[in-house]
Amino acid sequence: MSTSSTARQGLELVDRDESGVDRAFRADVLKGLSQKQKAIPARWLYDDAGSQLFEDITKLPEYYPTRSETEILQDHGEEFAAAIAPGCAVVEFGSGSSVKTPLLLSAIAPAAYVPLDISGDFLRASAKQLSAKFPGLPVHPVEADFMRKVSLPDQVTDLPKLGFFPGSTIGNMVARTSVDLLRTMRDTLGDKAQLLIGMDLIKDAAVLTAAYDDAAGVTGEFNLNLARRINRELDATIPVDQLRHVALWNDDFARIEMHCEALDDIEFTVAGQQFAMAKGDTIHTENSHKFDRRSGNTLLLAGGWTPMQRWTDSQGRFSLILAEASIVRSAP
């Protein structure tokens, strides 16, 4: 019997063992919990429950990025249409937002839409909603880990490609991982592709902290959901009620950090391995880096993309950048 199960939609394989456990998830969790500063990649926050909680976060009064990015998409549709290749396939890295993605699709009238997401059920639900809103638009959902090169559907092979990566998700990664992802996106989309990417901007620390530690506690539930997922999928015994959500601004690295902090000394097992945390120890679960114009441009150039145009919201809190796949050069 094969130890891999075929993804229910699309062209990728999700590598699972005989019991159905995602091997990459287990490997990242065990490695991350074995480090002195425990840390788990932020992408694992987005199972189906996590994806829904994040959608809830985007509607919170403290969480400005979605409103700011939506404003940009609403106000600059004609400029997007003029700058983006006509008849393109929009390849969205992550399931489409019910608000932002339709604004882009309406503005540029693409020939196809290809959402990529690791969370299969959420992907299919989002794709179904988009299909209903745009009945004449071919929609080709692909369940895949877009941190790796993705083979796009044959139906869009000959179309120009626009990658869409909204929400400043690029800021969730440390610089080397962000650069790797941008290079992978370039490989997925091909030469002459374009990329429309969101980047959150550096601003007052109090505004930033509130956006990641809301009064209603939704972001805390989103963060702690990772521990619940580990318990559910990896036969773990993490005492979730002994963890609390922490969000703090790290000025040295221009980022908000999210942690799960132990309220007391705890011990637990994950996939048969024993772990312990002292009171005050944390599991680092997410970074959200903030950018200025120079740092954003430098990141894109390092990833193989040349920034071409930039838009910001009326309060200067958020930016959308249109970049083109750079010509690979071996020298300046």
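Guide: Two strands count as paired if DSSP finds at least two bridges between them. In this predicted model, β3 and β13 are joined by 2 bridges and run parallel. Within that pairing, A39 has H284 of β13 as its bridge partner.

Visitor: In what order do the strands of the open sheet stand?

Guide: The order is β3-β13-β10-β9, an open sheet of 4 strands with mixed pairing. Because β3 (38-39) and β9 (243-250) each have a single partner strand, they stand at the edges, and one side of each lacks a neighbour in the sheet.

Visitor: How many residues of strand β7 are buried?

Guide: A residue is called buried when its relative accessible area is under 20%. In β7 (residues 161-165), 5 of the 5 residues are buried, so the rest of the structure largely encloses this strand. K161, G163 and F165 point one way, L162 and F164 the other, and all are buried.

Visitor: Which strands pair with β7?

Guide: Strand β4 (residues 89-93) pairs with β7 in the parallel sense over 4 bridges, and V90 stands opposite L162. Strand β8 (residues 194-200) also runs parallel to β7, joined by 4 bridges; here F165 faces I197 as its opposite residue.

Visitor: Which residues gather in the patch of negative charge on the surface?

Guide: The patch brings together D264, D265, E267 and D281. D281 lies in the loop between β12 (273-277) and β13 (282-289). Its relative accessibility is 35%, so D281 counts as partly exposed.

Key: Residues are numbered from 1 along each chain as its sequence is written. This is a predicted model: local features need pLDDT of at least 70, side-chain atom pairs count only at pLDDT 80 or more; totals for chains, interfaces and linings use all residues. Side-chain values use heavy atoms; hydrogens and water are left out. Patches are made of residues with over 30% relative accessible area and no salt bridge: like charges are joined within 9 Å, nonpolar side chains (Val, Leu, Ile, Met, Phe, Trp, Tyr) within 5 Å. Accessible areas come from the Shrake-Rupley method with a 1.4 Å probe; for residues, only the protein chains shown count as cover. A salt bridge is a side-chain nitrogen of Lys or Arg within 4 Å of a carboxyl oxygen of Asp or Glu. Lys and Arg count as positive and Asp and Glu as negative; His and the chain ends are not counted. The place of a charge is taken as NZ of Lys, CZ of Arg, CG of Asp or CD of Glu. Buried means under 20% relative accessible area, exposed over 50%, partly exposed in between (1.4 Å probe, protein chains only).
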